[in-house]
Amino acid sequence: MDAHHLSNRLLKVANYVPRNARLADIGSDHAYLPAYLALNHQINFAIAGEVVRGPYLNAVNEVKKENLEDRIFPRLADGLDAIKFSDQVDTITICGMGGMLIKEILEKGQKIIETHPLLILQPNVGSDILRAWLNSHQYEILNEEILSEDGHIYEIIVARYTPKLLVKLSGKDLMFGQYLRHHQNAAFKEKWEKEIQKNQKAISQMQKANHVPKNRISQLQQENDYIEGVLKDGKSN
Ligand code: SAM
């Protein structure tokens with residue numbers, strides 16, 4: 001991957017960034033995403049925020065190499081501290097991290113997002129945590145995608161602040177994603193079939209123990225029944 005050739009995962013994220021957005025890409029190792037968008041004339045302002053020096057220097061070098069120093073500004077900062085109000089950022093991407101870390105970044109940066117930028121989030125795991133945070137902070141989920149690449153499953157959640165009364169997402173929608181479970185693609189099925197197998201393996205191991213943890217086994221069995229139900233009939237509530 002480089003700024004000219006993004007992974008499918010980041011390409012899909014790039015597709016959600018509005019033309020001429022003022023972007024902040026947080027956790028921007030190499031700044032590939034903003035550099036790609038700038039090279040393709042989709043944007044002409046982006047901050048590449050990084051909290052770790054090595055990835056920050058990667059971003060600085062990439063921006064220099066591609067002659068994008070007038071458009072992409074790498075900043076060494078924790079989370080949304082990379083953004084100043086005067087940047088007038090209207091779109092934030094946070095990709096390639098766990099849902100919990102993305103949630104913490106949003107939580108800590110609430111002052112910065114008072115201007116309600118579009119959020120394009122790509123959690124590797126823990127998407128349910130993010131959905132719950134968005135739902136309880138007046139963010140409406142506009143789009144969701146799930147894809148499989150190089151043996152990993154990735155989810156993308158696009159959300160925008162809304163002043164209207166939001167419907168509380170059900171447990172099922174938090175866990176599976178409302179759109180994703182209604183339009184189950186191959187990656188969705190792969191993710192949840194793997195989860196069933198993981199639980200089944202744990203159950204088999206536990207059944208061999210001297211003191212069989214019956215409650216835990218029954219909990220995992222119930223979870224598998226629940227997942228199987230969604231895979232069979234994703235539309236039911
Ligand atoms: N966003 C790129 C992508 O999706 O390919 C890079 C993902 S990389 C796995 C995650 C990056 O997030 C790392 O470079 C890490 O240093 C950075 N990171 C983690 N916590 C951060 C924080 N609080 N603020 C800024 N960057 C952070």
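This is a predicted model: local features need pLDDT of at least 70, side-chain atom pairs count only at pLDDT 80 or more; totals for chains, interfaces and linings use all residues.
Residues are numbered from 1 along each chain as its sequence is written, and side-chain values use heavy atoms, with hydrogens and water left out. Two packed helices are described by the angle between their axes and the distance between the axes.

**Ligand surroundings**

- The ligand is surrounded by 17 residues, the closest being Arg9, Gly27, Glu50, Asp78 and Gly79, where a residue is near if one of its heavy atoms lies within 4 Å.
- An N or O atom in the side chain of glutamate 50 is 2.4 Å from an oxygen atom of the ligand, while a polar side-chain atom of aspartate 78 lies 2.8 Å from a nitrogen atom of the ligand.
- Cysteine 95 takes part through its backbone, an N or O atom of which lies 3.1 Å from a nitrogen atom of the ligand.

**Helices H1 and H2**

- Helix H1 (residues 8–16) and helix H2 (residues 32–39) have axes that come within 10 Å and cross at roughly 55°, which makes H1 oblique to H2; angles under 35 degrees count as roughly parallel, over 145 as roughly antiparallel, 65 to 115 as roughly perpendicular and the rest as oblique.
- The crossing of H1 and H2 is right-handed, and the contact (heavy atoms within 4.5 Å) is made by Leu10, Leu11, Val13 and Ala14 of H1 with Leu33, Tyr36 and Leu37 of H2.
- By class, the residues of this contact of H1 with H2 are 7 nonpolar, no polar and no charged.

**Helices H4 and H5**

- The axes of helix H4 (residues 99–108) and helix H5 (residues 127–136) come within 7 Å and cross at roughly 25°, so H4 is roughly parallel to H5.
- H4 passes H5 in a right-handed crossing, in which Gly99, Met100, Ile102, Lys103, Leu106 and Glu107 of H4 meet Ile129, Leu130 and Trp133 of H5.
- The contact of H4 with H5 comprises 6 nonpolar, 1 polar and 2 charged residues.

**Helices H8 and H9**

- For helix H8 (residues 186–207) and helix H9 (residues 214–232), the axes come within 10 Å and cross at roughly 160°, and H8 is therefore roughly antiparallel to H9.
- H8 passes H9 in a left-handed crossing, and the residues that meet include Phe188, Trp192, Ile196 and Ile203 in H8 and Ile217, Leu220, Ile227 and Leu231 in H9.
- Sorted by class, the contact of H8 with H9 has 11 nonpolar, 5 polar and 6 charged residues.

Technical notes. Axes are lines fitted to C-alpha atoms, for helices over the stretch in contact, and angles run from 0 to 180 degrees between N-to-C directions. Helices (H or I, at least four residues) and strands (E, at least two) are DSSP runs, numbered from the N terminus. A crossing is left-handed if the near helix is turned anticlockwise from the far one by less than a right angle, and right-handed if clockwise. Ala, Val, Leu, Ile, Met, Phe, Trp, Tyr, Cys and Pro count as nonpolar, Asp, Glu, Lys and Arg as charged, and the others, Gly among them, as polar. A polar contact is a pair of N or O atoms within 3.5 Å; within protein, one must be able to donate a hydrogen and the other to accept it, and residues adjacent in sequence count only if both atoms are side-chain atoms.
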